Amino acid sequence: MITLFHHPKTRSTRFIFLLEELGVPYEIRLVSVRKRDGTGERDPANPHPHGKVPVIIDDGTVVFESAAIALYLTDRFAERGLGPPVGDADRGAYLSWLAYYSGVLEPAFVSKFLNVQVPRGTAGWVAVEEAMPAVIQALSRGPYLLAERFSAADVLYGTTFAMFSQSPLMEKSAVIDAYAQRVVARPAFQRAMAHDGG
Ligand SMILES: N[C@@H](CCC(=O)N[C@@H](CS)C(=O)NCC(=O)O)C(=O)O
């Protein structure tokens, strides 16, 4: 049984979505987290090194950080087909987009949110204005990042874009809007929303 350490309306919500897509048994353990407005505290029960969510525990194995959790779960339940396995032609693209999410896209959004200029050529990431065309280019091959194949990478990207597509952090894009709507229209997303409160 997978235990998901979760706080409503945070990055852990999309792991309820992924677990619903996988259709495997899981339990939600609600934990408190520090909030931007100064409320909330780290929960001593949360095994994340900084008290963040999401975290999962699978039979004693602790996994933290969104990209790692996505990869762990889709490898662990490979028969559900939500992540190309080792040896599959799409595996490289899958790993790349998962790593790009944590290493490039999120830092790009956070830099923009904080009004920080991304240093040219020396940061490990790029500005949102450079990152988004790369994502849009990938989506030109099909409805999902892996062309016809929906994967856990879409859970991360689709939910992020659904949240930010109306914000000044992102330029308007019909491709991204349609993609985000496609992802959040999935029945598993609707079920996840119903379980977000725990
Ligand atoms: N890099 C982490 C980020 C997780 C994260 O920052 N989660 C927020 C909620 S959306 C959190 O737990 N914040 C509480 C804190 O920073 O103490 C991931 O992608 O999993």
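The C-alpha centres of domain 1 and domain 2 lie 20 Å apart. This is a predicted model, where local features need pLDDT of at least 70, side-chain atom pairs count only at pLDDT 80 or more, and totals for chains, interfaces and linings use all residues. Residues are numbered from 1 along each chain as its sequence is written.

**Exercise 1.** Work out which residues belong to each domain, and what touches what.

*Solution.* Start with the bounds, which come from an automatic or database domain assignment: domain 1 is 2-82 + 188-195, and domain 2 is 91-186. Next, count contacts (C-beta atoms, placed from the backbone, within 7 Å): 14 residues of domain 1 meet 12 of domain 2. On the domain 1 side, α1, α2 (66-76) and α7 (187-195) each give two or more residues. Helices here are DSSP runs of H or I, at least four residues, and strands are E runs of at least two, numbered from the N terminus. Finally, α2 gives the largest share of that side, 6 residues.

**Exercise 2.** Find the strands that pair with β1.

*Solution.* Strands pair if DSSP finds at least two bridges between them. First, β2 (residues 26-30) runs parallel to β1, with 5 bridges; here Thr 3 has Glu 27 as its bridge partner. Then β3 (residues 55-58) runs antiparallel to β1, with 4 bridges, and Ile 57 sits opposite Thr 3.

Terms used. Two residues are in contact if their C-beta atoms, placed from the backbone, lie within 7 Å.
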